[in-house]
Amino acid sequence: MTIIDNAVYVDGHRTADPEGLEETYFLLRQRQGMAWIGLYRPEPEELRSVAEEFDLSHLAVEDALAGHQRAKLEHYGETLFLVLRPARYLDEVEKVEFGEIHVFAGPDFVVTVRRAESPDLARVRRRMESEPEFLALGPDAVLYAILDQVVDEYEPVAAGLENDIDEIEDDLFAADPGVSRRIYELSRQVITFQRATAPLAGILQSLMGTGPDGVPDPELQDHFRDVLDHAIRLGERVSAFRALLQNALAVNAALVAQRQNDEMRLLTESSFAQNEQVKRISSWAAILFAPTLIASIYGMNFRDMPELDWIFGYPMALALMLGMGAILFLTFKHNKWI
């Protein structure tokens, strides 16, 4: 169903529930009140019907049909075109879902075009209908209520992001291999959230009266100022989130580098220890090889070996073995191989 709610108000009181847009136009002209039309993903024909009746800018209508707009406030004569990016935090997947709402407001009408579940405009309408004196202030009061609802719905989002950042800070020192990816994904959500909230201060200041088309009513200015205070505090929190995530990313990179350095140091120490063992083994192998070589030469049993018939041949062979072993031992000992 495209038309979610559709009513004509006179002096803040709901006087009619038209069944269609044509009836709304007729009753509005007849009763000289205010029409508040709520649309959800409308068909182009429906939105163009509203645009023709209320003389909406075709540029604003095209933006509303195309969607994917940034948060902004534009003035087209006596008509305001407001784009907001509401959000809600999904606990089950720990992600932020962003929506989009377009608001057309003129002297005697408010048209809302919603493309997501957030914000809860039914709650906004019930609240305003329970305060007819305030609703009698006209479309500006509805604009305030919508902005107030969007900013209020940002608070659980900020709380959810803050909790995620706290968890990331705990994971940083737990050597969680997936923390880098989580920081990156959360940073993207915070940046998108910041893009949705950053324009609010300028929008509210313009509506309060600092711009040429500001709200003249003092009571409304006070209400807009209250929303502005919330928006400013929210913007400061989001900026702090982004700074914390940047610091977390830097700390994570430093911790990863430190772990890599520790692993390289351990590998180097292990390689050094292995080299020392190889040196010792090689040294003793060389020491043992010298007498083995001499013994193998004299063990070949050739007849024409001068030392075989020499009375000192055997002692000489033993002395040669011991001497070569001692020389090699002292050499390796001097070089600290053994």
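Predicted model: local features only at pLDDT ≥ 70, side-chain atom pairs only at ≥ 80, totals over all residues.

Let me begin with the helix packing. In general, two packed helices are described by the angle between their axes and the distance between those axes. Here, helix 1, residues 21-31, packs with helix 2, residues 44-54, at an angle of about 15°, and the axes are 11 Å apart. Helix 1 is therefore roughly parallel to helix 2, since angles under 35 degrees count as such. As for handedness, the crossing of helix 1 and helix 2 is right-handed.

Which residues meet at this contact? From helix 1 they are L21, E22, Y25, L28 and R29, and from helix 2 they are E46, S49, V50, E53 and F54.

Y25 and F54 are linked by ring pairs into a cluster with F109.

How many aromatic pairs does the whole structure hold? A search finds 9. I shall describe two further examples. A pair of aromatic rings is described by the distance of the centres and the angle of the planes.

The rings of F134 and Y144 have centres 5.6 Å apart and planes at 90°, so this pair is edge-to-face. F134 belongs to helix 5, residues 132-135, and Y144 to helix 6, residues 139-172; the two are 10 residues apart. Are these residues buried or exposed? F134 has a relative accessibility of 7% and so counts as buried. Y144, at 4%, also counts as buried.

The other example is W284 with F329. Their ring centres are 5.9 Å apart and their planes stand at 45°, so the pair is tilted. Because W284 lies in helix 9, residues 218-298, and F329 in helix 10, residues 313-334, the pair ties together parts that are 45 residues apart in sequence. W284 is partly exposed, with a relative accessible area of 43%, and F329 is partly exposed as well, at 31%.

I close with the proline. P218 is found in helix 9, the helix that also holds W284. With a relative accessible area of 55%, P218 is exposed. P218 and R14 are 204 residues apart along the chain, and their C-alpha atoms are separated by 24 Å.

Thank you for your attention.

Terms used:
Residues numbered from 1 in each chain as written. Heavy atoms only, no water. Axes fitted to C-alpha atoms, helices over the stretch in contact; angles between N-to-C directions. Helix = DSSP H or I, 4+ residues; strand = E, 2+ residues; numbered from the N terminus. Parallel < 35°, antiparallel > 145°, perpendicular 65-115°, else oblique. Left-handed = near helix turned anticlockwise from the far one by under 90°. Contact = heavy atoms within 4.5 Å. Phe/Tyr/Trp six-rings, centres within 6.5 Å; stacked < 30°, edge-to-face > 60°. Buried < 20%, exposed > 50% of the residue type's maximum accessible area, 1.4 Å probe, protein only.
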